[in-house]
Amino acid sequence: MVLLATWILIVVLILIALVIITAIYYYNRFVILENRIDNSSAQIDVQLKKRAELVPSLVKVVKSYVKHEKEIYDKITMARSGLMKSKDLNEKIKAGDILQNFLGRLIAIAESNPQLRANENYIHLQQELSAIEDKVAYARQYYNDSVMDYENTSEKFPGVFFFKLYGRKRKDYLKIPESQRHYPNIEL
């Protein structure tokens, strides 16, 4: 009888230890995943700010060659200002997309000027802008991958139980704006 009671006690203690270890594991897992999401969000912010800081130099170089495009300069300045004033990640992404749209127009204008295309400063700025765009794309992908890991952990058993127990909140994926979902119209 004492032996049976001892075994039952051991089994109960092992079960309690397993539950505690699992609870600690999932708590730590959610903390790590949320920190990864916050970090990737901050990386997106850093790249968007780098893009915004590069814009005045690019505009200055283009402006010195193409003086008649005042409207696009004003729109770029307003879009950059909107990006710098944005508070949360979604606002920054939207403002960054607007800025990118105007930068695309500026580059198209610049590409039509052969002297500017050959200018070393312009080439350097365009390469830098391209590198930043690649980093923004990578940071967005990393953010969405992190959100996916978080969502997977929160939806699988026993993670779903601990997700609710700890009162964690769902995270949103970054989405492509509707304006960028269409294929470009290429004329040959």
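Student: In which helix does Leu13 lie?

Tutor: In this predicted model, Leu13 lies in helix 1, which spans residues 2-65.

Student: How is the fold described in terms of helices and strands?

Tutor: The protein has 6 helices and 0 strands, so its elements, read from the N terminus, run α-α-α-α-α-α.

Student: Why is Tyr143 called buried?

Tutor: The limit for buried is under 20% relative accessible area. Tyr143 has 8% relative accessibility and therefore counts as buried. Tyr143 belongs to helix 5, residues 120-155.

Student: What is Tyr143 in contact with, beyond its neighbours within four places in sequence?

Tutor: Contact requires heavy atoms within 4.5 Å. On that criterion Tyr143 is in contact with Ile37, Ser40, Ser41, Ile44, Leu89, Asp172 and Leu174. The C-alpha atoms of Tyr143 and Asn39 are 8.4 Å apart in space, although 104 residues separate the two in sequence.

Student: What accounts for Ser146 counting as buried?

Tutor: Ser146, also in helix 5, has 1% relative accessibility and therefore counts as buried, the limit being under 20%. Leaving out residues up to four places away in sequence, Ser146 touches Arg36, Ile37 and Ser40. Over the 188 residues of the protein, 34% count as buried.

Student: How do you know that Glu133 and Arg51 meet in a salt bridge?

Tutor: The criterion is a side-chain nitrogen of Lys or Arg within 4 Å of a carboxyl oxygen of Asp or Glu. For Glu133 and Arg51 the N to O distance is 2.6 Å, so the pair qualifies. This pair links distant parts of the chain, with Glu133 in helix 5 and Arg51 in helix 1, 82 residues apart. Both Glu133 and Arg51 are buried.

Student: What makes Asp97 and Arg140 a salt bridge?

Tutor: Their side chains meet at 2.9 Å, N to O, and the limit is within 4 Å. This pair, too, links distant parts of the chain: Asp97 is in helix 3 (residues 89-111) and Arg140 in helix 5, 43 residues apart. Asp97 counts as buried because its relative accessibility is 11%, and Arg140 counts as buried because its value is 17%.

Student: Why does Arg170 count as partly exposed?

Tutor: Partly exposed covers values between the 20% limit for buried and the 50% limit for exposed. Arg170, at 45% relative accessibility, therefore counts as partly exposed. Arg170 forms a salt bridge with Glu151, with 2.7 Å between the closest N and O atoms. Arg170 lies in the segment after helix 6 (159-165) and Glu151 in helix 5, so the pair ties together parts 19 residues apart in sequence. Glu151, at 8% relative accessibility, counts as buried.

Student: How many salt bridges does the structure hold?

Tutor: The structure holds 8 salt bridges. Asp45, Lys49 and Lys92 are linked in a network of them.

Student: How many aromatic pairs are there, and on what basis?

Tutor: Rings pair if their centres lie within 6.5 Å, and the structure holds 10 aromatic pairs. One aromatic cluster is formed by Tyr25, Tyr26, Tyr27, Phe30, Tyr150, Phe161, Phe162, Phe163 and Tyr166.

Student: What kind of peptide bond joins Phe157 and Pro158?

Tutor: The bond is cis, with omega about 0°. Pro158 is found in the loop between helix 5 and helix 6.

Student: Where in the protein is confidence lowest, and where is it highest?

Tutor: Confidence is lowest in helix 4 (residues 114-118), at a mean of 69, and highest in helix 1, at 88. Over residues 181-188 the pLDDT is below 50, and this stretch has 2 contacts in the model beyond near neighbours in sequence. Where pLDDT is low, the predicted coordinates should not be read in detail. The mean pLDDT of the protein is 81, and 87% of its residues reach 70 or more.

Conventions
Residues numbered from 1 in each chain as written. Predicted model: local features only at pLDDT ≥ 70, side-chain atom pairs only at ≥ 80, totals over all residues. Heavy atoms only, no water. Helix = DSSP H or I, 4+ residues; strand = E, 2+ residues; numbered from the N terminus. Buried < 20%, exposed > 50% of the residue type's maximum accessible area, 1.4 Å probe, protein only. pLDDT = per-residue confidence, 0-100. Phe/Tyr/Trp six-rings, centres within 6.5 Å; stacked < 30°, edge-to-face > 60°.
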